[in-house]
Amino acid sequence: MKTLILGGSPRRNGDTASLVEIITGKIKGECKIVEAYRCDISPCVDCRHCWKNSGCAIDDEMQEIYSYIQECDNILIASPVYFSELTGKLLDVGSRLQTFYCARAFRKEEPVPKPKKGAVVLAGGGDGSIDTAYKTACILLRQMNCRDIHEAVYSHNTNVKPAIEDEKVLAGIDSILHFFAM
């Protein structure tokens with residue numbers, strides 16, 4: 001089993017990064033983590049190369065991620081929630097999935113033939129909602145051919161209690177791991 005984790009945490013020891021560490025410590029099989037704040041992946045520049053050609057014209061670390069997306073069985077998106085949305089750097093990485101959308105919409109091709117399972121882990125405090133972030137993450141997961149997506153797992157009170165102390169999110173992580181292994 002191969003799992004891709006797209007992580008949107010800017011802080012190496014933040015709540016989301018701590019949850020990803022728990023996941024990688026328990027997950028079965030191979031795991032590749034893409035840390036949006038520490039990778040060399042530029043956002044989509046709408047050059048429209050992918051309207052007529054497969055792949056992306058930008059030559060950066062995303063080329064390796066495209067290959068891993070083809071191979072993997074599971075994809076997890078993990079992000080802090082900022083103003084009810086995924087982090088900006090994670091959205092930059094997500095914008096590069098435009099090539100998959102264009103393959104379907106313009107070239108009538110299936111860019112990711114192998115179906116996958118998907119899941120989303122979110123962490124945040126404040127007075128916003130996780131709904132928009134979860135919907136955005138699900139859109140990204142569907143672009144990578146995640147046909148079965150686990151319900152959102154989130155800790156939404158991190159300004160009061162660290163996510164790793166949130167029993168609900170820890171149980172949710174165990175549920176995701178079981179879901180991925182099935």
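What percentage of the 182 residues of the chain count as buried? In this predicted model, the share that counts as buried is 48%. The secondary structure of the chain comprises six helices and six strands. The points below describe the overall fold, the nonpolar cores and several individual residues.

**Overall fold and dimensions**

- Read from the N terminus, the elements follow the order β-α-β-α-β-α-α-β-α-β-β-α.
- A compact globule of 182 residues would have a radius of gyration near 16 Å, and the chain agrees with this because its own value is 16 Å.
- The C-alpha trace spans about 50 × 35 × 25 Å along its principal axes.
- Among contacts in the chain with a separation of 6 or more, 79% are between residues 24 or more positions apart.

**Surface and charge**

- The chain has an accessible surface of about 9000 Å², and carbon and sulfur atoms account for 50% of it.
- There are 22 positive and 24 negative side chains in the chain.
- The centres of these two sets of charges lie 5 Å apart.

**Nonpolar cores**

- The largest nonpolar core has 33 residues, of which Leu4, Ile69, Leu122 and Met144 touch the most other members.
- Two or more residues of this core come from each of these elements: strand E1 (2-7), helix H2 (62-71), strand E3 (74-80), helix H3 (88-95), strand E4 (116-123) and helix H5 (131-143).
- Helix H5 provides the largest share of this core, with six residues.
- Beyond its neighbours within four places in sequence, Leu122 is in contact with Ser79, Val81, Leu86, Ile130, Ala133, Tyr134, Val153, Tyr154 and Ser155.

- Asp15 counts as buried because its relative accessibility is 18%, and buried means under 20%.
- Thr16, with a relative accessibility of 3%, also counts as buried.
- When residues up to four places away in sequence are not counted, Asp15 touches Ala123, Thr158, Pro162 and Ala163.
- Thr16, with its neighbours within four places left aside, is in contact with Ser9, Ala78, Ser79, Pro80 and Ala123.
- Asp15 and Val34 are 19 residues apart along the chain, and their C-alpha atoms are separated by 17 Å.
- Thr16 and Tyr154 are 138 residues apart along the chain, and their C-alpha atoms are separated by 9.6 Å.

**Two loop residues with positive phi**

- Phe83 is not a glycine, yet its phi is positive, at about 50°.
- The position of Phe83 is in the loop between E3 and H3.
- Phe83 is exposed, because its relative accessible area is 84% and exposed means over 50%.
- Asn145, another residue other than glycine, has a positive phi near 70°.
- Asn145 is placed in the loop between H5 and strand E5 (146-149).
- Asn145 is buried, as its relative accessible area is 6%.

Notes
Residues are numbered from 1 along each chain as its sequence is written. This is a predicted model: local features need pLDDT of at least 70, side-chain atom pairs count only at pLDDT 80 or more; totals for chains, interfaces and linings use all residues. Side-chain values use heavy atoms; hydrogens and water are left out. A nonpolar core is a set of buried Ala, Val, Leu, Ile, Met, Phe, Trp, Tyr and Cys residues joined through side-chain atoms within 4.5 Å. Buried means under 20% relative accessible area, exposed over 50%, partly exposed in between (1.4 Å probe, protein chains only). Helices (H or I, at least four residues) and strands (E, at least two) are DSSP runs, numbered from the N terminus. Contact means heavy atoms within 4.5 Å. The radius of gyration is taken over C-alpha atoms; the globule rule is 2.2 Å times the number of residues to the power 0.38. Accessible areas come from the Shrake-Rupley method with a 1.4 Å probe; for residues, only the protein chains shown count as cover. Lys and Arg count as positive and Asp and Glu as negative; His and the chain ends are not counted. The place of a charge is taken as NZ of Lys, CZ of Arg, CG of Asp or CD of Glu.
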